[in-house]
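Please keep the sequence and the coordinates at hand while reading.

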Amino acid sequence: LNALAHNLLGMINGYQHNVEQAITHFEQAITLNSKWNEPKDKHHVEAKLIYAWMLTDANDQKAYMVIDSLKKEVDQSAILNHAFLIANLARLYYLHDDVENSNRFCTILFSTNEPHIKALGHMVQGLIDLDQNLPDQSLYHFQQAIHIRPKFPYLEFYLGYSHYLLGLSL
């Protein structure tokens with residue numbers, strides 16, 4: 001029960017951008033929960049994901065280890081249940097210079113038959129391409145996403161920004 005309480009406090013502090021306090025609570029939850037690396041429910045995965053983002057924001061070297069352990073949480077047969085996790089893993093791996101894993105998780109999202117998940121994959125890949133200063137590739141992915149799901153949040157902004165970087169008009 002104490003591990004759960006620290007998990008929840010970590011999540012609350014994470015949402016409030018109290019990075020140091022969030023990391024402290026997540027680390028206490030890990031210490032108290034000897035089975036942290038075993039698959040858990042949605043809330044456990046979400047807490048671990050926030051912990052990974054907090055460590056990444058704090059440039060903590062433990063971030064990659066936590067991100068790698070999250071990879072075990074992904075059940076390939078249940079992409080629908082893990083799309084948010086997969087998208088975050090793609091971004092986190094990219095931020096830790098692991099392009100191979102980043103691309104692999106984007107590819108998982110692309111390969112689904114669910115349009116909104118496929119659009120999410122294109123959105124994430126487009127953001128990664130923008131970060132790499134590849135506006136032509138980001139434009140392609142944002143166009144794919146808008147074709148699949150036109151009302152995706154912020155998609156029109158990123159599509160317009162890609163056009164701007166390429167010197168194209170809408």
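H122 belongs to helix α7, which spans residues 115–131; helices here are DSSP runs of H or I with at least four residues, numbered from the N terminus. The model is a predicted one, in which local features need pLDDT of at least 70 and side-chain atom pairs count only at pLDDT 80 or more, while totals for chains, interfaces and linings use all residues. Residues are numbered from 1 along each chain as its sequence is written, and side-chain values use heavy atoms, with hydrogens and water left out.

With a relative accessible area of 7%, H122 is buried (buried means under 20%, exposed over 50% and partly exposed in between, for a 1.4 Å probe and protein chains only). Leaving aside residues up to four places away in sequence, H122 touches F110, Y140, H141, Q144, A145 and I148, a contact being heavy atoms within 4.5 Å.

Two packed helices are described by the angle between their axes and the distance between the axes. Helix α6 (residues 99–110) and α7 pack at about 150°, with axes 7 Å apart; axes are lines fitted to C-alpha atoms over the stretch in contact, and angles run from 0 to 180 degrees between N-to-C directions. The two helices are therefore roughly antiparallel, the class for angles over 145 degrees. From α6, the contact involves S102, N103, C106, L109 and F110, and from α7 it involves I117, K118, L120, G121, H122, V124, Q125 and I128. These residues comprise 7 nonpolar, 5 polar and 1 charged, where Ala, Val, Leu, Ile, Met, Phe, Trp, Tyr, Cys and Pro count as nonpolar, Asp, Glu, Lys and Arg as charged, and the others, Gly among them, as polar.

A second pair is formed by helix α8 (residues 135–148) and helix α9 (residues 155–166), which pack at about 150° with their axes 9 Å apart. That angle makes α8 roughly antiparallel to α9.

Which residues form a salt bridge? R91 does so with D131, their closest N and O atoms lying 2.7 Å apart; the term denotes a side-chain nitrogen of Lys or Arg within 4 Å of a carboxyl oxygen of Asp or Glu. The pair joins distant parts of the chain, 40 residues apart, with R91 in helix α5 (residues 79–95) and D131 in α7. A search of the whole structure finds 1 salt bridge. D131 is partly exposed, at a relative accessible area of 42%.

Finally, Y51 lies in helix α3 (residues 42–57) and is buried, at 2% relative accessible area.

Note on methods. Angles under 35 degrees count as roughly parallel, over 145 as roughly antiparallel, 65 to 115 as roughly perpendicular and the rest as oblique.
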